[in-house]
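This report goes through one protein structure part by part. Please look at the sequence and the model before reading on.

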Amino acid sequence: MTTVKALIEMATAQFQAAGIPSARWDAELLVAHGLHETRLALYARPDSGVNEKDETALKELVLRRARREPLQHLIGAWEFWGRSFKVNSDVLIPRPETEFLIESALAFRGLLKEQEAPTAVDIGTGSGCLAITLAKEIPEARIYASDLSSEALSMAEENAKMHGVSDRIRFLKGDLYEPIKQQGLAGRVNLLVSNPPYIPGAVLMELEPEVRDHEPRIALDGGLDGLLFYRRLLAEAQTVLAPEGMMILELGQGQTADVIPLAVRSGLTVHHILRDYAGIPRVLTLVSSAQAHRSNV
Ligand SMILES: C[S@@+](CC[C@H](N)C(=O)[O-])C[C@H]1O[C@@H](n2cnc3c(N)ncnc32)[C@H](O)[C@@H]1O
């Protein structure tokens, strides 16, 4: 009978041969998933046997991972801000750097609570990780989350249900601010968050196979220079934000110098830039002016 340890070693070797940088880590997580255990629990019993049925199923998963299917798709879920979110190939896998966006947003929790009915919006919600985390962390907020992808919205709704916040979030299908405006929210949004697609077109083909071949292109493709969605989001931000409303954007690497002038040109003020674990400026917090020019509201 194969042991836990032998399975982990077999998987690690296959992943290393496939060029997966985190081979051992992936092997441990995948074997733990296949055996319905935690990684730490496996450490406690490396020599215990694995039954034939589990071994066959695990070997199939290992093969798929060695073909560079994302670990997260094989597990079917991934953690964000300490909570588990279901994921599949219709949504972007929540990234650790996106947690900095939540960190920035929560800095305004006190301010939001002062509003009578604080309204928060998540544009391009994907798995729903941002909208759902905000709903959990800021119980006073009314949350609206939009996406152009119906498939992504279904997954976000499933996640909202799983976390018990379905009644707190309106999920809306449409292009950027369109569905938000249709809800009559123009000029009334106190907190707007977005992690838009920001990969420049030419870079898409150079991404790791897990991302390039398995994550939705609609979640990645930021147009020729990667800035398409920042241009569009910022150009109209003042029409959607309430006076002194906050807009918090995740940025791609090296995009700060391009995005800040777009924000300033739209009449927004830079409030804060947060760097991620790698020291890369990752989250830009902007404030709309107290008397914004909202001629097209
Ligand atoms: C980078 S993903 C972010 C997903 C999620 N918010 C996160 O941080 O993990 C961008 C999301 O924007 C959505 N999207 C792309 N174009 C859009 C558009 N024109 N209007 C609304 N959403 C769009 C994609 O479907 C995708 O879910």
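Which residue takes a positive phi in the hairpin of strand 1 and strand 2? W81 does, with a phi near 50°, and the hairpin has two residues between the strands.

## Basis of the model

The model is predicted: local features need pLDDT of at least 70, side-chain atom pairs count only at pLDDT 80 or more, and totals for chains, interfaces and linings use all residues. Residues are numbered from 1 along each chain as its sequence is written, and side-chain values use heavy atoms, with hydrogens and water left out.

## The hairpin

Strand 1 (residues 77–80) and strand 2 (residues 83–86) run antiparallel and are joined by four bridges. A77 has K86 in strand 2 as its bridge partner. Strands (E, at least two residues) and helices (H or I, at least four) are DSSP runs numbered from the N terminus, and two strands pair if DSSP finds at least two bridges between them.

## The sheet and its helices

An open sheet of seven strands has the order 5-4-3-6-7-9-8, with mixed pairing. Strand 5 (169–173) and strand 8 (269–275) are its edges, each pairing on one side only. From one strand to the next, the twist averages 15°; axes are lines fitted to C-alpha atoms, for helices over the stretch in contact, and angles run from 0 to 180 degrees between N-to-C directions.

Strand 4 (residues 142–147) runs parallel to strand 5, and five bridges join the two. Within this pair, S146 stands opposite L172. Helix 6 (residues 99–106) packs on the sheet and touches strands including strand 6 (189–194) and strand 7 (241–250), its direction making about 155° with that of strand 7. Helix 12 (residues 228–235) also packs on the sheet; its direction makes about 170° with that of strand 7. Contact here means heavy atoms within 4.5 Å.

## The ligand

There are 19 residues around the ligand, and G124, D147, D175, L176 and N195 come nearest; a residue counts as near if one of its heavy atoms lies within 4 Å. An oxygen atom of the ligand is 2.6 Å from a side-chain N or O atom of D147, and an oxygen atom of the ligand is 2.8 Å from one of N195. The protein covers 97% of the 590 Å² of accessible area that the ligand has on its own (Shrake-Rupley method, 1.4 Å probe).

Note on methods: Polar contact = N/O pair within 3.5 Å; in protein donor to acceptor, adjacent residues only side chain to side chain.
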